[in-house]
Amino acid sequence: PTAGDVWYRTAEGERVNVATLKAKDVKPLRREMRMIFQDPFSSLNPRRTVKDLIGEPLVIQKIARGKALEERVAELMTEVGLDPNYMERYPHEFSGGQRQRIGIARTLSLSPRLIIADEPVSALDVSVQAQVLNLLQSLKDELGLTLVFIAHDLSVVEHISDRIAVMYVGKIVEMAPSEELLRRPLHPYAEALVSAVPPADPDVKTQRIILEGDVPSPANPPSGCVFHPRCRYANQSTCVEVEPGLEELEPGHFVACHLAKELNLAGIGG
């Protein structure tokens, strides 16, 4: 990393800065930190069977082989809602939702404590999205996992997250408990995202906030607040010239906006 720290609390309770660790010190942590990839079609090797795909981490970490490996793969497939009798099949024989379940089973193979899910449902049909989201939610509750869920759709994020961090041009502009952020956003960009969430009641009419202009390049961000060129509340002095810091305005509710204390932004139901 060019800047910043990556702090992680190990199973022993020790806080370590992953960004400064040597390769040999990171290797033991890899069993605790796993990844779910965005595209279930390209993230699985088409030349390997499901048993090989799910069992590979167990072989690499020298945890199981032979009969024990097969039993563990069958257990994982059952856990994610797949028939263990299909473990000798190849990825192309499964649907998109089933492939993502295979990817989730592979992620769970080493019993991780932290899972980073990078847009894990964006490539799936809406009906399949709900199935995979419900699966992740149940696994999170049953296994006590910490799940870092990356997505653009706030309605999806709302369903699965305890806390939400809103990012713009690579920086966190607001962070709060999910219900609090959706009910009462404090940053204009978060307000625009919340306005795009369709209401549960089709008779409820909402006013969608359409942002003008384009997202700036992170390599050449605007001066002051990075959101000011697209912000309908920005003033030409403070917002353009001074970059706001992330400030805790309410317990657990952080925002990076000069005008946050003055604005009364609309949230869901607002």
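Predicted model: local features only at pLDDT ≥ 70, side-chain atom pairs only at ≥ 80, totals over all residues.
**Entry 1: the S8 and S9 pair**

I started with S8 and strand S9, which covers residues 253-255; three bridges join the two in the antiparallel sense. I then looked up who sits across from Glu247, and the bridge partner in S9 is Val255.

**Entry 2**

Next I wanted the whole sheet. I find four strands in the order S6-S7-S9-S8, forming an open sheet with antiparallel pairing. S6 and S8 (247-250) are the edge strands, as each of them pairs on one side only. From one strand to the next, the twist averages 30 degrees. Helix H8, residues 188-195, packs on this sheet and touches S6 and S7. I checked its direction too, and H8 makes about 110 degrees with S6.

**Entry 3: S6, S7 and their hairpin**

I went back to the other end of the order. S6 and S7 run antiparallel, and six bridges join them. One pair I looked up here puts Val166 opposite Glu174 in S7. The two strands make a hairpin with two residues between them, and in this hairpin Val169 takes a positive phi near 50 degrees.

Which residues of S6 are on the covered face, and which on the uncovered one? In S6 (residues 163-168) I count Ile164, Val166 and Tyr168 as covered, while Arg163, Ala165 and Met167 are uncovered.

**Entry 4: a nonpolar patch**

Together with Ile172 and Leu246, Met167 makes a nonpolar patch of about 260 Å². I placed Ile172 in strand S7, which spans residues 171-177.

**Entry 5: the parallel sheet**

Then I turned to another sheet. This one is open as well, with three strands in the order S3-S4-S5 and parallel pairing. S3 (33-36) and S5 (146-150) stand at the edges with a single partner strand each, so one side of each has no neighbour in the sheet. Neighbouring strands here are turned by 15 degrees against each other on average, direction ignored.

How many bridges link S4 and S5? I get five, in the parallel sense, with S4 made of residues 114-118. Asp118 has Ile150 of S5 as its bridge partner. I also found a helix on this sheet: H4, residues 96-108, lies across S3 and S4 and runs at about 175 degrees to S3.

**Entry 6: the chain overall**

Last, I stepped back to the whole chain. I list nine helices and nine strands. The C-alpha trace spans about 70 × 50 × 35 Å along its principal axes. Of the 270 residues, 42% are buried. I also looked at contacts between residues at least 6 apart in sequence, and 56% of these join residues at least 24 apart. The accessible surface comes to about 15,600 Å², and carbon and sulfur atoms account for 50% of that.

Terms used. Residues numbered from 1 in each chain as written. Heavy atoms only, no water. Pairing = 2+ DSSP bridges. Axes fitted to C-alpha atoms, helices over the stretch in contact; angles between N-to-C directions. Contact = heavy atoms within 4.5 Å. Patch = residues over 30% accessible without salt bridge, like charges linked within 9 Å, V, L, I, M, F, W, Y side chains within 5 Å. Areas by Shrake-Rupley, 256 points an atom, 1.4 Å probe, with all protein chains shown as cover. Salt bridge = Lys/Arg side-chain N within 4 Å of Asp/Glu carboxyl O. Buried < 20%, exposed > 50% of the residue type's maximum accessible area, 1.4 Å probe, protein only.
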